[in-house]
Amino acid sequence: MDTTQLDDLITWLADGARSHVGTELFMAETCERMVAAGIPLFRVGVFVSTLHPSLMGRGFIWRAGAGVTLGSMAHGEDEGDEFQLSPLFRVFNEGIEVRHRLGGIESGNIPFLADMRNEGSTDYIALPLHMSGGDTQASSWTTRDPDGFSDAQLDGLRRMMPALTRMIEIHLLRHMGAGLLDNYVGARAGARILAGQIRRGHTETMQAVIWLSDLRGFTALSDRLQPEHVVDILNRYFDCQVPAILEQGGEVLKFMGDGLLAVFPVAENEEDLTAVCGRVLEAARASRSAVEQLRWAGTNLAEEQFRFGLALHVGKVLYGNIGGGDRVDFTCIGPAVNLAARLEKIAGKLSRTVVASAAFVDASKDDWTELGEFPIAGFARAERVYGLADETQP
């Protein structure tokens, strides 16, 4: 083993591994430099727990000649036999090293190690990553060398771990910070916040399609159900909309009780606006279909039909930080948002699911039915309101 190259690698890590900011490239260079230093790695895994509403943890897997691939573990998967029989379970829970020679039969009852042996691996070691906050993450290292890892190579791995752990912690914190912002304020808003757009009053104007929806009869529903049942229904209801919105390029800004506010940014030309409106309608139809199929497992509501209303409008919105004191919110405001909110109320009065303003209809190529002209509270002019032609009256 070339101790000089290993020392250079440790120095590079201690200096911040600044040649690669991205996690995948950082991990790839680290593993390749270890191989160059004489540690015959075949597969390296870094496994970290994270803060995410759907995922318990993430994994970054490097393989010689194949680069880095990403994986994830959903909440609850850590309770399965496959994970609890794996060496990583002991690393996470006991913070200890776990080594297995893969040439014998000792790994036969551990599915993961059996898979590694079938891929030609001869030696495996899992090492803890002790974070500065006291928690423990995990790493795993395998080789195909016929003799497995030598004592000197394992000592080299252990000597490198403190510097590597600090860099992994930095990357983990970055991922967690970006992920939490994405989950709570949306991808575009999160990117702006991370880029430094955090001062109160720091806003920008953009043209957008505005999506504002709510669940019909929610007040009466919540009055006769237990709070935990209401939360379950709301989560299922929002699941009918959010994936469709994100798939079509929208960004969810707010959950307001049973209300949902989303925007679909558009460029300043008619062609882009028409294309965006088409994607919005795809999301609207997908959401409408999903809500129509929504059923709740509770006895009293097993056959109850859930309905929602959705208003679509196009206009300028002010997008940015608004709040009081040191508490700010990244949101959008403006007359266009207010008009969308008024249209959603009109949808309820007309027993319509999807309604749109004249501005949206003018940019859309879909078939619409004019529902009439309505006075809008707070606006000087009445607004023509349209409903989708393929929607039947209840």
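These are my notebook entries on a predicted model, taken one topic at a time.

**Ground rules.** I'm working with a predicted model, where local features need pLDDT of at least 70 and side-chain atom pairs count only at pLDDT 80 or more, while totals for chains, interfaces and linings use all residues. Residues are numbered from 1 along each chain as its sequence is written, and side-chain values use heavy atoms, with hydrogens and water left out.

**Strand β6.** I started with β6, residues 136-143. Helices (H or I, at least four residues) and strands (E, at least two) are DSSP runs here, numbered from the N terminus. How many of its residues are buried? I found 8 of 8, with buried meaning under 20% relative accessible area, exposed over 50% and partly exposed in between (1.4 Å probe, protein chains only). T136, A138, S140 and T142 point one way, and Q137, S139, W141 and T143 point the other way.

**Its neighbours.** Next I looked up which strands pair with β6, where a pair needs at least two DSSP bridges. Strand β1 (residues 41-49) runs antiparallel to β6, joined by 6 bridges; F47 stands opposite A138 there. Strand β5 (residues 123-130) is also antiparallel to β6, over 8 bridges, and A126 faces S140. The hairpin of β5 and β6 has 5 residues between the strands, and in it G134 takes a positive phi near 100°.

Why does T142 count as buried? Because its relative accessibility is 0%. Leaving out residues up to four places away in sequence, I listed what T142 touches; among them are P40, L41, F42, R43 and F149. Contact means heavy atoms within 4.5 Å.

**Helix α6.** I then checked α6, residues 151-185. Where is the kink? It lies at M161, shortly before the proline P162, and is about 45°; the bend is the angle between axes fitted to the seven residues ending there and the seven starting there. Just after α6, G186 takes a positive phi of about 100°.

**Rings.** Last, I looked at aromatics and noted 9 aromatic pairs in the structure. Rings of Phe, Tyr and Trp (its six-membered ring) pair if their centres lie within 6.5 Å. Y237, F238, F255 and F308 form one cluster. I also noted the charged end of R144 over the ring of F42, 3.9 Å from its centre; that needs NZ of Lys or CZ of Arg within 6 Å of the ring centre and within 35 degrees of the ring normal.

Technical notes
Phe/Tyr/Trp six-rings, centres within 6.5 Å; stacked < 30°, edge-to-face > 60°. Expected span 1.5 Å × (residues − 1).
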